[in-house]
Amino acid sequence: MTYGVDMQEMRAYILDKFQKEGDFDFLQEGELEAMVDAMLAADAAYMEPLPEDGEYDDDAAYEALYADLQQRFPAYKMYAMRLSEDYLDFAEEYLVSVDAIEWD
């Protein structure tokens with residue numbers, strides 16, 4: 001998912017949104033960062049190769065993120081749904097802010 005997008009800037013944006021939201025302040029130091037990195041990696045893996053129709057399927061991406069978080073962070077399985085949903089919202093906000101996505 002690097003299609004002209006500064007991934008470090010996107011990571012910083014998403015992490016900042018999670019931190020300002022404050023819903024995951026109970027996580028140990030470094031865990032939120034590790035989870036954001038995991039979601040970025042899972043999202044990128046979902047996008048390679050780009051689906052044949054070129055469309056990003058939010059539901060399929062969500063399922064991939066959700067499953068990956070549950071597997072990588074079993075102690076936080078109950079939070080994987082919310083983390084995945086928030087990540088997708090924050091990623092979309094970032095991509096819109098840098099004109100990296102188009103709406104049909």
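This is a predicted model: local features need pLDDT of at least 70, side-chain atom pairs count only at pLDDT 80 or more; totals for chains, interfaces and linings use all residues.

Biologist: Why are H2 and H4 called roughly perpendicular to each other?

Modeller: Helix H2 (residues 31-47) and helix H4 (residues 80-97) pack at an angle of about 65 degrees. The label roughly perpendicular covers 65 to 115 degrees, and H2 and H4 are therefore given that label. Their axes are 11 Å apart, and H2 passes H4 in a right-handed crossing.

Biologist: Which residues in H2 and H4 meet?

Modeller: From H2 there are Leu-32, Met-35, Met-39, Leu-40 and Asp-43, and from H4 there are Leu-83, Ser-84 and Tyr-87. The residues of this contact divide into 6 nonpolar, 1 polar and 1 charged.

Biologist: Which residues in H2 meet H3, and how do they divide by type?

Modeller: Met-35, Ala-38, Met-39, Ala-41, Ala-42, Asp-43 and Tyr-46 in H2 meet residues in H3, among them Leu-65, Asp-68 and Arg-72. The division for the contact of H2 with H3 is 10 nonpolar, no polar and 3 charged.

Biologist: Why are H3 and H4 called oblique to each other?

Modeller: The axes of H3 and H4 cross at roughly 135 degrees, coming within 9 Å. Roughly antiparallel would need an angle over 145 degrees, and roughly perpendicular stops at 115. H3 and H4 are therefore oblique to each other. H3 passes H4 in a right-handed crossing. In H3, residues including Tyr-62, Leu-65 and Leu-69 take part in the contact, and in H4, residues including Met-81, Tyr-87 and Leu-88. This contact divides into 10 nonpolar, 2 polar and 2 charged residues.

Biologist: Which residues have the most contacts inside the largest nonpolar core?

Modeller: They are Met-10, Ile-14, Phe-18, Val-36, Met-39, Leu-83 and Tyr-87, in a core of 31 residues. Helix H1 (7-21), H2, helix H3 (58-72) and H4 each supply at least two residues of this core. H2 gives the most, with 9 residues. Not counting residues up to four places away in sequence, Ile-14 touches Val-36, Leu-40, Tyr-87, Phe-90 and Ala-91.

Biologist: How do you know whether Asp-68 is buried or exposed?

Modeller: Asp-68 has a relative accessible area of 16%, and buried means under 20%. Asp-68 is therefore buried. Asp-68 is found in helix H3 and touches Ala-38 and Ala-42, leaving aside residues up to four places away in sequence.

Biologist: Why is Ala-64 called partly exposed?

Modeller: Ala-64, in helix H3, has a relative accessible area of 31%. Buried is under 20% and exposed is over 50%, so Ala-64, lying in between, is partly exposed. The C-alpha atoms of Ala-64 and Ser-84 are separated by 9.2 Å, with the two residues 20 residues apart along the chain.

Biologist: What makes Asp-99 count as exposed?

Modeller: The relative accessibility of Asp-99 is 71%. Exposed means over 50%, so Asp-99 counts as exposed. Asp-99 lies in the segment after H4, and its phi is near 55 degrees, a positive value in a residue other than glycine.

How values were computed:
Residues are numbered from 1 along each chain as its sequence is written. Side-chain values use heavy atoms; hydrogens and water are left out. Axes are lines fitted to C-alpha atoms, for helices over the stretch in contact, and angles run from 0 to 180 degrees between N-to-C directions. Helices (H or I, at least four residues) and strands (E, at least two) are DSSP runs, numbered from the N terminus. Angles under 35 degrees count as roughly parallel, over 145 as roughly antiparallel, 65 to 115 as roughly perpendicular and the rest as oblique. A crossing is left-handed if the near helix is turned anticlockwise from the far one by less than a right angle, and right-handed if clockwise. Contact means heavy atoms within 4.5 Å. Ala, Val, Leu, Ile, Met, Phe, Trp, Tyr, Cys and Pro count as nonpolar, Asp, Glu, Lys and Arg as charged, and the others, Gly among them, as polar. A nonpolar core is a set of buried Ala, Val, Leu, Ile, Met, Phe, Trp, Tyr and Cys residues joined through side-chain atoms within 4.5 Å. Buried means under 20% relative accessible area, exposed over 50%, partly exposed in between (1.4 Å probe, protein chains only).
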